Amino acid sequence: ASGSVNNSIGRVQTPTLAMICARFKENRNFVSTPYWQLHIVLKRDNGHRQFIHTKEFKDKNMAEAAYKSITPGSVVTITKVKRGKIFQQAPLLYDLTALQKDCNIHYDLPVDKTLAITQSLYEKKLVSYPRTGSRYIPQDVMAHIPVLLEKITAMPEFREYRRSLDLSALNTRSVDAAKVTDHHAVIPTRNLQNADLSGLPVGERMILELVALRLLCAVAEPHTYSETAVTVECAGAAFTTKGKTVKRPGWRALDAAYRAALKNAEPDKETEDKALPDGGRLPELSEGQTLPLSGATVKEGKTSPPKHFTEDTLLSAMETAGKDDMPEDAERQGLGTPATRAGILEKLVSTGFLERKKSKKAVQLMPSKDAVSLITVLPEQLQSPLLTAEWEHRLSEIERGELSPEDFMGGI
């Protein structure tokens, strides 16, 4: 960078920018490779079709050879059927970072905007303190939740969720005083029951509804479904598929109702069926059973490059950066805190190191030329989140009187 430019770098900004530059380079240098999938189609008594596909072939000739070995008279044999019941627990309550991620996904809100709007709701006494890193509440707060839920679900905006929530058996997964830091999770206050949501600015209303919905989901019962994994053999090749049947929708019924009301809502990838007919449900199958073949197809695909960071995926990366390599006694893991991450991101944008670029539905975070140049010449040690973790640990030692400030600055 030129001498007239003040290139501000910091112990949290630098590793954050390094992650973004690394992803940018991975995407730019990515070479897409083709692969092929061989699908077989089974004929069932009720006339429906059931797709079962094999693993991917990296070689086109191998895929075509396997395809040619399957004839109209080929028989499909069920070799393995594995059934299981899966309980998917309700999500934890929001801390600031989790709220910022969801607001970025659902509303395209930048992380600093989410913080500002939630802070305004806090000042209006409609939500609890937002600058928190905890997703839990203590028992004394939980004691007031049943009454709060009664009031919330009586409001016109939330009445439709009432039938999907059992107020007599609330989930207490988010109740743990030991995991509450300086402030508990972000939840609506009792003032919500008397609030005129129509009189709130649009942004405040959206975030307030999201915080209220998360409380409803967090105390709802688990989502329960049965999953069947089937392996079949045809012409010497193994094909697999999975299907699921929902037993009790639980908290996902609340989440689905909310998503249905959103414009341009992202699909719920966790419960998305695997492109199977009949809602993803498999017929009753047993090992050793044979079925007639209806047909087979070969489909070509291409590998995709790693996606550029968006604000929600960057927040996730900052939360977990260097986590596996950090010392066990490090008091803070990841990069920054829930209260500072928005400011760090905005600082990188305002200094010209980072740019927001709209791409389809997402807003991608792209490094500028100056950013790439800076990260290229900086020592690798300064790009590592481990350095920040080490300094945090030393500062904690100073706070406890175990290390002198002079020794710490000598090391710096």
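Trainee: At what pLDDT do side-chain atom pairs count?

Mentor: Residues are numbered from 1 along each chain as its sequence is written, and side-chain values use heavy atoms, with hydrogens and water left out. This is a predicted model, in which totals for chains, interfaces and linings use all residues, local features need pLDDT of at least 70, and side-chain atom pairs count only at pLDDT 80 or more.

Trainee: Is helix 4 roughly parallel or roughly perpendicular to helix 7?

Mentor: Axes are lines fitted to C-alpha atoms, for helices over the stretch in contact, with angles from 0 to 180 degrees between N-to-C directions. Angles under 35 degrees count as roughly parallel, over 145 as roughly antiparallel, 65 to 115 as roughly perpendicular and the rest as oblique. The axes of helix 4 (residues 111-123) and helix 7 (residues 202-218) come within 9 Å and cross at roughly 85°. Therefore the orientation of helix 4 to helix 7 is roughly perpendicular.

Trainee: How many charged residues does the contact of helix 4 with helix 7 have?

Mentor: Ala, Val, Leu, Ile, Met, Phe, Trp, Tyr, Cys and Pro count as nonpolar, Asp, Glu, Lys and Arg as charged, and the others, Gly among them, as polar. By class, the contact of helix 4 with helix 7 has 4 nonpolar and 4 polar residues, and the number of charged residues is 1.

Trainee: How is helix 7 oriented to helix 8, and what is the number of nonpolar residues in their contact?

Mentor: The axes of helix 7 and helix 8 (residues 251-261) come within 9 Å and cross at roughly 160°. This angle makes helix 7 roughly antiparallel to helix 8. In the contact, L210, L213, L216 and C217 of helix 7 meet W251, L254, D255 and Y258 of helix 8. By class, the contact of helix 7 with helix 8 has no polar residues and 1 charged residue, while the nonpolar residues number 7.

Trainee: Is C217 buried or exposed?

Mentor: Buried means under 20% relative accessible area, exposed over 50%, and partly exposed in between (1.4 Å probe, protein chains only). C217 has a relative accessible area of 2%, so C217 counts as buried.

Trainee: How many disulfides does a search of the whole structure find?

Mentor: A disulfide is a pair of cysteine sulfur atoms within 2.5 Å. Among the cysteines, C21 is buried at 1% relative accessibility. For disulfides, the search of the whole structure gives a count of 0.

Trainee: What is the arrangement of the rings of Y122 and Y129?

Mentor: Rings of Phe, Tyr and Trp (its six-membered ring) pair if their centres lie within 6.5 Å; planes under 30 degrees apart count as stacked, over 60 as edge-to-face and the rest as tilted. By this rule the structure has 2 aromatic pairs. The rings of Y122 and Y129 have centres 5.3 Å apart and planes at 80°, so their arrangement is edge-to-face.

Trainee: What is the arrangement of the rings of F158 and Y161?

Mentor: F158 and Y161 are both buried. Their ring centres are 6.4 Å apart and the planes stand at 35°, so the pair is tilted.

Trainee: What separates the C-alpha atoms of V230 and V81?

Mentor: V230 is placed in strand 4 (residues 223-234) and is buried, with a relative accessible area of 1%. V230 and V81 lie 149 residues apart along the chain, yet the separation of their C-alpha atoms is 4.7 Å.

Trainee: With which residues is S368 in contact, leaving aside its neighbours within four places in sequence?

Mentor: S368 sits in the loop between strand 8 (362-367) and helix 11 (369-377). S368 is buried, its relative accessible area being 8%. With those neighbours set aside, the contacts of S368 are G352, F353 and E355.

Trainee: What is the phi of K125?

Mentor: K125 belongs to the loop between helix 4 and helix 5 (139-142) and is exposed, with a relative accessible area of 56%. Although K125 is not a glycine, its phi is positive, at about 60°.

Methods:
Helices (H or I, at least four residues) and strands (E, at least two) are DSSP runs, numbered from the N terminus. Contact means heavy atoms within 4.5 Å.
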